[in-house]
Amino acid sequence: MSAPIAIPPLPGSSSLKQVSDDELGNFAELIYRRTGIHVSPQKKMLLSNRLRRRLRETGIEDFSAYYQHLKRLKDTDPEWDAFLQEITTHETYLFRDESQWNWFRTEYLAGRAAESASSEGKRTLRIWSAACSTGDEPYTAACCIAAALQNSAQWNIRILGTDIGVGALAQAEAGIFGERAMRLVPEEYRRRFFVKAQNAQLWQARPMLTAMLRFRQHNLMSPLREKPFDIVFLKNVLIYFDGASKRTVVNNVRAMIRPGGLLVAGAAEGITEMVKDMKRLQPWLYRK
Ligand SMILES: C[S@@+](CC[C@H](N)C(=O)[O-])C[C@H]1O[C@@H](n2cnc3c(N)ncnc32)[C@H](O)[C@@H]1O
């Protein structure tokens, strides 16, 4: 029997190895400083899997070499974007947390519609979906608005979606969603606000939605330079942050809510103590 042939490893084929404790600590520190996200030691396997994809893409041999490479790069280098896109969790779908969207449609927008019916002149509605991932949240807001504000010519509507992940934002700009993301979208809304791509289980948002939306990259750890908003959605993102970085984000976000405006938070965001100066209307809804 002939001896087995030794096949040299491919670049990045430390593939099945996991990051060591030291490497985990180094990456965790880098990620925390850049995003506010806390990577716990229990996330070793997840982090290793996600980093391996960057090793494959860049052809860099191992985790430590990739760490050194990142540290040498300027903050604006595209590899940083690719790294951040890879290590963050982008799970989202339209009409996630249905009870919040029921409130938005039947109470908030119905109230704003009634108010505009009894007054002259153009009305403004400004919404920020902070950490919007692939845009499912701001597109949901746009669907609800298109359905509720029939006389939309009387409204100046702006929905801003921001995220740190450039790949996620590119998908948001495209406005194309698969069946999984669309699963909670009411049948009537699918028909009115989306076009189904032929031969594919994909839905393209119609211009009546995209006209309200714009997207840009933004790190929640920095202040946003915009006019204040009527409502900010800040959902399913602070669950990955520790107390100190949560506080920074909450302060940055609070500054962007107009007096009397609203913050819609995720149910598990754990920010109640940090927004004591706002009126708590629901466990997830605060008025400034
Ligand atoms: C799980 S998704 C939540 C999407 C949406 N808000 C929802 O509830 O369905 C979390 C998003 O937070 C983004 N993110 C994480 N850290 C961030 C930061 N420091 N600044 C901005 N976005 C961040 C990630 O890129 C990811 O797309």
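Predicted model: local features only at pLDDT ≥ 70, side-chain atom pairs only at ≥ 80, totals over all residues.
1. **Domain layout.** The protein splits into domain 1, residues 18-87, and domain 2, residues 98-287. Their C-alpha centres lie 30 Å apart.

2. **Domain interface.** On the domain 1 side, 9 residues make contact with 13 residues of domain 2. About 860 Å² is buried between the two domains. Carbon and sulfur atoms give 53% of that area. Three residues deserve a look here: Tyr32, Asp81 and Gln85. Together they supply 43% of the area that domain 1 buries against domain 2, more than any other three residues.

3. **The sheet.** Which order do the strands take? The order is β6-β2-β1-β7-β8-β10-β9. These 7 strands form an open sheet with mixed pairing. β6 (213-217) and β9 (279-282) stand at the edges. Each has a single partner strand, so one side of each has no neighbour in the sheet. On average, neighbouring strands are turned by 20° against each other, direction ignored.

4. β9 is joined to β10 (residues 285-287) by 3 bridges. The two strands run antiparallel. Across this pair, Arg280 stands opposite Tyr286 of β10.

5. **A helix on the sheet.** Helix α7, residues 166-174, packs on the sheet. Its contacts there are with β2 (155-163) and β6. The direction of α7 makes about 165° with that of β6.

6. **Helix α6.** Helix α6 covers residues 136-148, 13 residues in total. From first C-alpha to last, α6 reaches 18 Å, close to the 18 Å expected at 1.5 Å a residue. How many of its residues are buried? The count is 12 of 13, so α6 is largely enclosed by the rest of the structure. The buried set includes Asp136 and Glu137 as well as Pro138 and Tyr139. Cys143, Cys144 and Ile145 are also among the buried residues.

7. **Ala244.** Ala244 sits in helix α11, residues 243-254.

Methods. Residues numbered from 1 in each chain as written. Heavy atoms only, no water. Helix = DSSP H or I, 4+ residues; strand = E, 2+ residues; numbered from the N terminus. Expected span 1.5 Å × (residues − 1). Buried < 20%, exposed > 50% of the residue type's maximum accessible area, 1.4 Å probe, protein only. Pairing = 2+ DSSP bridges. Axes fitted to C-alpha atoms, helices over the stretch in contact; angles between N-to-C directions. Contact = heavy atoms within 4.5 Å. Domains from an automatic or database assignment. Buried area = accessible area lost by both parts, 1.4 Å probe.
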